[in-house]
Amino acid sequence: MTNLLDFPIEVFQMIVCELVSSAIDESAHSIYSFQIEDVWLLRNVCPTFAAEIERSVFFQQPKAIYLNSHFIQRLVLERLPQYVMQVKRIPGNVNEGFRARLQRMTSYILQELDIKDEKQRADAIEKFYVSLRRIVIESRLTHALWCDCGPSCSYVTESQSNTELSVQDRLYTSLMVGAHDVLAGILQEVSGAQHDRLFSILPFGVARILGDTKSIDVILRHLETRPSLERTTLTSDSGIFPIRKTISTLLARDSGTIAQALLEFHKKKLPSPSGHVYASWIYSAVHERTTNHLHNLRAVLNIHPKGSTQVWGETMITICAGGSSEDVQEALKRVEDVDKGTALDAPIFIAVRSGRVAAVQGCIQAGASVDLAVCSDSPTLHKDTITPLDVAMDRNDGHVADVLIKAGAKIPHISQWPGTRRVYKVLRKAVSERTNVKLPALRDFQHMSLAERRDIQY
Ligand SMILES: [Zn+2]
């Protein structure tokens with residue numbers, strides 16, 4: 001039998017060409033036919049076959065094939081540097097305007113960085129395309145690569161219509177390649193966010209996606225040098241560096257130190273955040289399931305927003321509503337007296353009303369008294385003073401009542417209990433454990449008069 005490699009290369013090319021085009025053809029007609037996915041797997045047969053298949057799939061198809069086959073799109077996007085740099089393609093199978101724009105961007109950065117070494121040049125170009133794939137929304141990138149909608153397509157051309165690279169394109173190129181000195185220079189020219197359909201993610205977002213802390217640092221150092229009015233404009237929500245929104249996003253998703261660097265900058269160089277902004281930061285920094293973000297919450301708590309005292313109550317409510325017990329404790333470290341406040345704003349009452357065991361436990365661990373008695377604020381509680389357990393009982397919250405009781409909360413006499421099942425069960429069990437007295441079952445309790453209830457002794 002003849003060895004596969006003994007065949008002339010042209011045979012491979014013919015087979016592959018036939019296979020690929022029939023697969024592409026067939027997939028349009030029937031889902032049971034030989035698919036392009038199957039052809040792709042044939043690369044395992046031998047290296048020559050693999051090279052031919054890749055060549056055929058990547059470079060020898062007309063534009064429409066790339067636009068219409070999701071599988072091929074994914075293949076191309078995964079190998080974007082090879083796809084764009086490969087010269088032996090059939091003409092017109094990529095949008096030439098877009099390709100020219102990308103080439104201008106890469107030539108620009110190679111020149112700026114003054115890279116002569118071939119290997120280093122190739123690495124920089126590779127980095128550019130890998131980053132491009134990560135920071136441009138996939139549907140926009142595929143559209144731009146194979147666009148057919150004419151010269152005015154906004155995904156293809158940069159905002160300025162000449163062949164000079166726009167500030168925007170140079171800015172993004174330096175970010176994509178991580179060229180920090182070049183970035184520092186371009187920032188001098190940046191005056192605001194120019195609308196660009198292709199690059200919809202703003203610089204802070206790009207640096208975050210690429211994990212490039214140094215770029216964020218370069219941007220912050222640049223902003224520091226700006227006059228304060230300009231700095232405020234550039235960092236406003238509609239500016240090119242919307243720092244407050246970025247902080248919110250990072251606090252929620254990122255357990256690294258970028259959020260803290262931005263918060264630190266905000267604290268030193270920008271006006272104090274409004275209560276609304278501060279609340280959104282607290283909300284983002286609070287995490288029930290992980291303590292990885294605790295340092296983020298700490299950084300937010302170290303900032304004193306406008307009207308700090310009013311903001312505090314809302315802050316506590318937000319942390320109790322979504323935070324871990326550690327989050328609650330972290331916040332309470334900043335309070336002189338954890339038992340200070342009314343039924344509305346004393347931490348343990350906020351925690352009890354949140355209905356979350358983690359919040360109540362956090363308060364208890366921070367030293368809050370479970371028997372804190374304050375003036376009643378509730379129309380349903382006819383008492384002069386109320387305790388956290390009274391509120392939990394009123395809310396029929398068995399879980400929270402249980403936590404308070406286990407932490408030693410005094411249990412009021414049975415005549416003050418509500419006849420609601422969840423909380424009654426918890427209270428009855430706790431009393432029987434503490435006193436060995438068997439109290440009436442709920443059904444019997446519900447049928448008793450108040451006088452009868454008061455007569456129960458234990
Ligand atoms: Zn288009």
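A residue counts as buried here if 20 or more other C-beta atoms lie within 10 Å of its own. By that rule, buried residues make up 34% of the 458 residues in the protein chain. The model is a predicted one.

Start with the whole chain. It holds 27 helices and two strands. Its C-alpha atoms fill a box of roughly 105 × 65 × 35 Å along the principal axes. The radius of gyration is 33 Å, whereas a compact globule of 458 residues would have one near 23 Å. Contacts still reach across the sequence. Among those with a separation of 6 or more, 63% join residues 24 or more positions apart.

Helix H9 spans residues 138–145. Its buried residues are Leu141, His143, Ala144 and Leu145. Their cover includes helix H7 (96–113) and helix H8 (118–135).

Next comes a helix pair. The axes of H15 (residues 243–253) and H16 (residues 258–269) come within 9 Å. They cross at roughly 150°, and the crossing is left-handed. On the H15 side, the contact is made by Ile243, Thr246, Ile247, Leu250 and Leu251. Facing them in H16 are Ile258, Ala259, Leu262, Leu263 and His266. By class, this contact has eight nonpolar residues, two polar ones and no charged ones. An α-helix has 3.6 residues a turn, so residues three or four places apart point the same way.

Helix H20 (residues 325–332) is mostly covered, with seven of its eight residues buried. These are Ser325, Asp327, Val328, Gln329, Glu330, Ala331 and Leu332. What do the buried residues of H20 pack against? Four helices take part: H18 (294–301), H19 (308–322), H21 (347–354) and H22 (357–365).

Leucine 301 gives a view of this region from H18, the helix in which it is found. Beyond its neighbours within four places in sequence, leucine 301 is in contact with Glu330, Ala331 and Arg334. Glu330 and Ala331 are among the buried residues of H20. Is leucine 301 itself buried or partly exposed? It is partly exposed, because 19 other C-beta atoms lie within 10 Å, while a buried residue needs 20 or more. For a sense of distance, take alanine 451. It is 150 residues from leucine 301 in sequence and 51 Å away in space, C-alpha to C-alpha.

The largest nonpolar core has 106 residues. Which of them touch the most other members? They are Ala351, Val360, Cys363, Ala392, Ala401 and Leu404. Take alanine 401 as a case. Leaving aside neighbours within four places in sequence, its contacts are Leu389, Ala392, Met393, Val423, Val426 and Leu427. One of these, Ala392, is also on the list of residues that touch the most other core members.

Asparagine 396 lies between helix H23 (388–394) and helix H24 (398–406). Its phi is near 55°, a positive value in a residue other than glycine. Asparagine 396 counts as partly exposed because it has 15 C-beta neighbours inside 10 Å. Asparagine 436 sits in the loop between helix H25 (421–435) and helix H26 (442–446). Its phi is also positive, at about 65°, although it is not a glycine. With 8 C-beta neighbours inside 10 Å, asparagine 436 counts as exposed.

How values were computed
Residues numbered from 1 in each chain as written. Predicted model: local features only at pLDDT ≥ 70, side-chain atom pairs only at ≥ 80, totals over all residues. Buried ≥ 20, exposed ≤ 12 C-beta atoms within 10 Å, placed from the backbone. Contact = placed C-beta atoms within 7 Å. Axes fitted to C-alpha atoms, helices over the stretch in contact; angles between N-to-C directions. Left-handed = near helix turned anticlockwise from the far one by under 90°. Nonpolar A, V, L, I, M, F, W, Y, C, P; charged D, E, K, R; others polar. Core = buried A, V, L, I, M, F, W, Y, C linked by C-beta atoms within 7 Å. Rg over C-alpha atoms; globule rule 2.2 N^0.38 Å.
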